[in-house]
Amino acid sequence: MTGGRWLLRAASLAAALLLWQGLTSLDVNLWLRFEQFPTVGEIASTFAERARTPGYWQDLASSLRRIVTGFVLAAVLGVVVGTAVARSRIAADVLGPLLEVLRPIPAIALVPVAILMFPSNEQGIVFITCAAAFFPVLVSTRHAVRALAPVWEEAVLTMGGGRARVLFSVVLPGALPGIFGGLSVGIGVSWICVISAEMISGEYGVGYRTWQDYTVVDYPGVFVGMVTIGALGWLTSTAVERAGRRLTSWLPRAAVSSSPATPPRPRPSVQPARRSSAPAPQGTTTGGTQK
C-alpha cells in the first residue's frame, strides 16, 4: 500500500475523532443526543488507566482465547462438512436437512442450550463462538466446491490419481478463495457472538467488563470496551485475510491504480503494398530471371 493511501486512511480516522470530540464537548443535542457521551479525551484517559491494570489484559486474553478456540473448531468442521455435503449425495441427504433447520437460528439464542449442556461457562462460550462461525464457513465451502469445473478432476483421474489425490490436489486448492471468504465473514460473526455471550454468562472477558461498566454507569469504560472489541476484530480479520492471500498467491490479482486508466492508442493501419501496373522491362520476367 502506498504512502498516499495510508495518509488518506489516517486523515479519515482523524476527521472522525475530531467530529466526535466536537459533538461531545459542545453537548450537541439535536435529533441525536451527544450530551451524555464521553469525549475522546475522557475515553483516552480511561483507556490509559485500564491499560496499566492486569485486569484489562486478563479480559483481553480471555476473549482472544475463546475466539481463537471457537473459530479454529468452526473452520475445521465447516470445511469438512461443507466439502462432504458438496461431494457426497448421502451426506447431502443425511446432513443437509438438519443443517438447513439449524442455520437460521442465531448463535446467541443458543446460550440457554449451552448453559444446560456444558458444565462450565467457558465451554459454553466457546460452543457459541464455534456455532456462530460454523455456518458461514460451511455455506461458502459448499458453494465453492460445487462451482469447481469437473475437467480438472477428470484430468487427475485419467492420469491414475485416486479420490484422495483429487481432494487434496484439485478440490481444496480450487475452493480456497471461497473458503476464505467464509472465514472472513465467520470471524466477524464470532466476535459479535462471543461478546454477547460474555455479557450474558461470562465471568471474564471484554464483553463481560463492558457490560459491568454499563451497569455502574461508567460510560468512558463502556467506550473503552467498544474500542478494544473493534481493534481485536480488525486485527483478527486482517490476519485471516492475509493468510488467505498467502495461500492463494497463485491466483491472478487485479492491479489497482489510483489514476484513471489510459485508453489504448490506436494502432496505425498498414495498407498492403500495391502492385505496379507498369510492364516489366525487357529481358526480365516477374520472377527476376533473365530469358
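Student: What is the chain built from, helices or strands?
Tutor: The predicted model has 10 helices and 0 strands. Read along the sequence, the pattern is α-α-α-α-α-α-α-α-α-α.

Student: How many residues does helix 1 have?
Tutor: Helix 1 covers residues 3-25, so by count it has 23 residues. From first C-alpha to last it reaches 32 Å, close to the 33 Å expected at 1.5 Å a residue.

Student: And what follows helix 1?
Tutor: D27 does. The phi of D27 is positive, near 55 degrees.

Student: New topic. How many residues are in the largest nonpolar core?
Tutor: It has 46 residues. Those with the most contacts inside it are L99, I128, F134, L183 and W191.

Student: Which elements give two or more residues to it?
Tutor: Helix 3, helix 5, helix 6, helix 8 and helix 10. Helix 8 gives the most, with 14 residues.

Student: What does W191 touch?
Tutor: Leaving out residues up to four places away in sequence, W191 touches S63, L64, I67, L232, G233 and T236.

Student: What share of the chain is buried?
Tutor: Of its 291 residues, 32% count as buried.

Student: OK, salt bridges. How many are there?
Tutor: The count comes to 8. R65, R66, E122 and E198 are linked in a network of them.

Student: Which residues does R66 pair with?
Tutor: E122 is one partner, at 2.9 Å, N to O. That pair ties together parts 56 residues apart in sequence, because E122 lies in helix 6 and R66 in helix 3. E198 is another partner, with the closest N and O atoms 2.8 Å apart.

Student: Is R66 buried or exposed?
Tutor: R66 is buried, because its relative accessible area is 3%, under the 20% cut-off. E198 is buried too, at 0%.

Student: Where does R65 come in?
Tutor: R65 meets E122 in a salt bridge of 3.4 Å, N to O. R65 is in helix 3 and E122 in helix 6, 57 residues apart. R65 is partly exposed at 44%, and E122 is partly exposed at 29%.

Student: Last one. Which residues form the nonpolar patch on the surface?
Tutor: V68, V72, V76 and V80. Together they have about 330 Å² of accessible area. V80 is found in helix 3.

Student: Why does V80 count as exposed?
Tutor: Because its relative accessibility is 53%, and exposed means over 50%.

Note on methods
Residues are numbered from 1 along each chain as its sequence is written. This is a predicted model: local features need pLDDT of at least 70, side-chain atom pairs count only at pLDDT 80 or more; totals for chains, interfaces and linings use all residues. Side-chain values use heavy atoms; hydrogens and water are left out. Helices (H or I, at least four residues) and strands (E, at least two) are DSSP runs, numbered from the N terminus. The expected span of a helix is 1.5 Å times one less than its number of residues. Patches are made of residues with over 30% relative accessible area and no salt bridge: like charges are joined within 9 Å, nonpolar side chains (Val, Leu, Ile, Met, Phe, Trp, Tyr) within 5 Å. Accessible areas come from the Shrake-Rupley method with a 1.4 Å probe; for residues, only the protein chains shown count as cover. A salt bridge is a side-chain nitrogen of Lys or Arg within 4 Å of a carboxyl oxygen of Asp or Glu. Buried means under 20% relative accessible area, exposed over 50%, partly exposed in between (1.4 Å probe, protein chains only). A nonpolar core is a set of buried Ala, Val, Leu, Ile, Met, Phe, Trp, Tyr and Cys residues joined through side-chain atoms within 4.5 Å. Contact means heavy atoms within 4.5 Å.
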